[in-house]
Amino acid sequence: MQITRSRILTSFLLLTILGCSSQETPEPKQVNLPDVEKPEAKEAPQEDLSLDLSKPEVTFATFKTNVHEGKWKAGANCLTEESQASLCGVMIFMSSLTAAFDPDSKEGFEALMKKHGAGPDAESPFQGSDPPAANGDPQNMMRMLGSAIKNKPAFLEDLMTWMSESGGNFDLGKVTDAKLEELKIEGDKATAIVVNDDKRNPIEFQRLNERWKIHLPNELFNMENATGDQAEMQFGEMQDFDDFDYQYVESDELPPMQALTAEEYKNAWQVDVSFDNQPAAELIQKMAAECGFELFKPEDFQDALSKPITLNLQDVSRLQAIEAACEQVGLYPRYRLKSLGFKQGPRPFPATFSGPFLLTISSLNEYPPYAAGDLKLQLIAAGIPSAAVSSLQEVTDQADSENKTNARWIINQLTGTGDLKLKIESSGYQMLMPEVSLKHAVIEDSIPLGNLVQSVQQIQSIDTQFHYSIPTEIITQTFDKLEKGETIETENFTLTLKQVQINPNADANFTVEYTGLSNGQITILGLDAEENPFESSGGGGFWTGDKGTQNAYFDKAPAKLQIQIVKEFQQFEESLSLSNIPLTEFENMPTEVAKLSFPGEAPVSFKFLDLTEENGNLMMRYTITNHSNKDISNFSVNNDYLDADGKKLKDFPHSQSGERNLVPAGETRKFGTMAFFAPEETKSVAINPRDVNFADNTSWEFKK
């Protein structure tokens, strides 16, 4: 199977950074780069000071030169730490698919993952589950996969070497032809346009310790790009961003679980405030520091922050005190991980409090004339112990989850004027990955809106519930012998070492199988020879009910394993609601949502055109015809690769997205994409549609 491993990954790198493209759609509009999610922080390798990263344009040239010469470690060192993590995640994802489809490469892939302390166990790249392309949130998956890698540049170089040794063909195309234009530097941030042939794509740089690094937007790592199905950088509808949005801050690595009584938890976040005619900055600075925030450019708001305020509050959260102080001096706060910023004037959207939580709206976009929109909610918990933050590292939207230790954020009701339901319901399962520090967590949820017709002049109500728990009693069990099959059995649960891999004086990984416990109740720690605990460098697991497995990877081999188990926990429920949020585009919306109509049995049809070679990659071209009365914003299909006799060789999923009117009603559009994992015998492709999503946020699924 000598084709596309290295071609795929090399092409992805070049497509996303250097602006190459095969999609035959109108050029996307130039826009500002959006905010990005941050990967989990890991110890970074020592900085490569031999690289000249003194200016953005020099960094870009350095990156091009090293990629062209195949110096992947040096090339990766031109990227920010978080971009390296996301890129590692994409590489792991693609390589794991190759290993799954090509058994000959599986052993090498597993050895590579083991060396770098991340990825699949020895039995299967995705034991007990489909590859991540099939489910879950793709952006989170890319980040999760890459975050476990400690030395990311070294991993990327090893991966490229492995692919080359496995028969890959590196065809770098026109790397050296990419040019940087319209460079703009503002403080520690710079933006520019990458030009390659007739393609123009935005790029961002960040200055860290006086060295400029390339920063890759999160949108590059969505599933369309991760599978190579969308070569262009598509940002869709954007809002204005400023320096506050472009900050790069790493999440904290949280300590092992700690028990905490409900009273200790309450006392940790509740405060009394008595502040009499003193400068607002004194109170805001104190509350922010106790929440783990630093003030962002307070000198820009010196006049307001120096104004005297008077506050008398009892049993409130520090966030509530911050909001009240800012309101008195004509500011409203903005929150990001470890950073508290300000803007002049009143909040554009309402905010509400419950316990240590603050709920507000970070963005609200309306899309006339489609009667649609997007709402992003921001939920912050601050001034809480790290034991409570730990319980917020993963959040689901499962209202009926059997695992009561899981944090769950449920949107119970989202209505507009006249009690019209606005939330587009999803049939899938959603996992949110909050940004966390030792004292706070920032959680965001994007919600597609529909039914924004002219009569809906406001969002009438948003009712949510947040469920979480804190450990009140923790017990430990220890595996003194690290041998496969070792078992610890108690009256209530059983622990078994299902897998043991130890490299003397090097790394190790383990799989613990459990019964009688739920996911989230156990944490695996290593113990050294003096029985000092240390954390794993990554892991994961699969579970159902009270049975499951938990993996742990260690950079050094432990002498023993300690299993921390949450025996008792206290559940909490916070009810947070917002109301009367005005809409600004209702006059431009239709009077009613159009009903989907089309002739025949389906709203779209596809036609395969041809297969070609482009820069060493096998490309396929096809058309999609929109037979319906609604513009299409994105669609997904399964591509069946066929031989000369029309026999199916293999299939692979493909998705396409872009502007909201990607394929206008009644029109035909042509697209091109790489034929990923296509066997060499492939002569044609049968396109089997799965679903289409329309500009009004409605969708159509094809019958299987």
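View 1. The model is predicted: local features require pLDDT of at least 70, side-chain atom pairs count only at pLDDT 80 or more, and totals for chains, interfaces and linings use all residues. Residues are numbered from 1 along each chain as its sequence is written, and side-chain values use heavy atoms, with hydrogens and water left out. Helices (H or I, at least four residues) and strands (E, at least two) are DSSP runs, numbered from the N terminus. Strand β31 covers residues 648-657 and pairs with β30 in the antiparallel sense over nine bridges; pairing requires that DSSP finds at least two bridges between two strands. Five residues lie between the strands of this hairpin, and G646 takes a positive phi near 80 degrees.

**View 2. Strand β30 (residues 632-642) is mostly covered.** Nine of the eleven residues of β30 are buried, where buried means under 20% relative accessible area, exposed over 50% and partly exposed in between (1.4 Å probe, protein chains only). β30 is joined to strand β33 (residues 684-694) by ten bridges, and the two run antiparallel. Among the partners in β33, V692 bridges to F635 and P689 bridges to V637.

**View 3. Four strands form an open sheet in the order β31-β30-β33-β34.** The pairing in this sheet is antiparallel. β31 and β34 (699-701) are the edge strands, each pairing on one side only. From one strand to the next, the twist averages 25 degrees.

**View 4. Helix α10 (residues 280-291) packs against helix α12 (residues 318-328), with axes that come within 9 Å.** The axes cross at roughly 155 degrees; they are lines fitted to C-alpha atoms, for helices over the stretch in contact, and angles run from 0 to 180 degrees between N-to-C directions. The helices are therefore roughly antiparallel to each other (under 35 degrees counts as roughly parallel, over 145 as roughly antiparallel, 65 to 115 as roughly perpendicular and the rest as oblique). L283, I284, M287, A288, E290 and C291 in α10 meet R318, A321, I322, A325 and C326 in α12, contact meaning heavy atoms within 4.5 Å. By class, this contact has nine nonpolar, no polar and two charged residues; Ala, Val, Leu, Ile, Met, Phe, Trp, Tyr, Cys and Pro count as nonpolar, Asp, Glu, Lys and Arg as charged, and the others, Gly among them, as polar.

**View 5. The whole protein chain has 13 helices and 34 strands.** Of its 704 residues, 54% count as buried.
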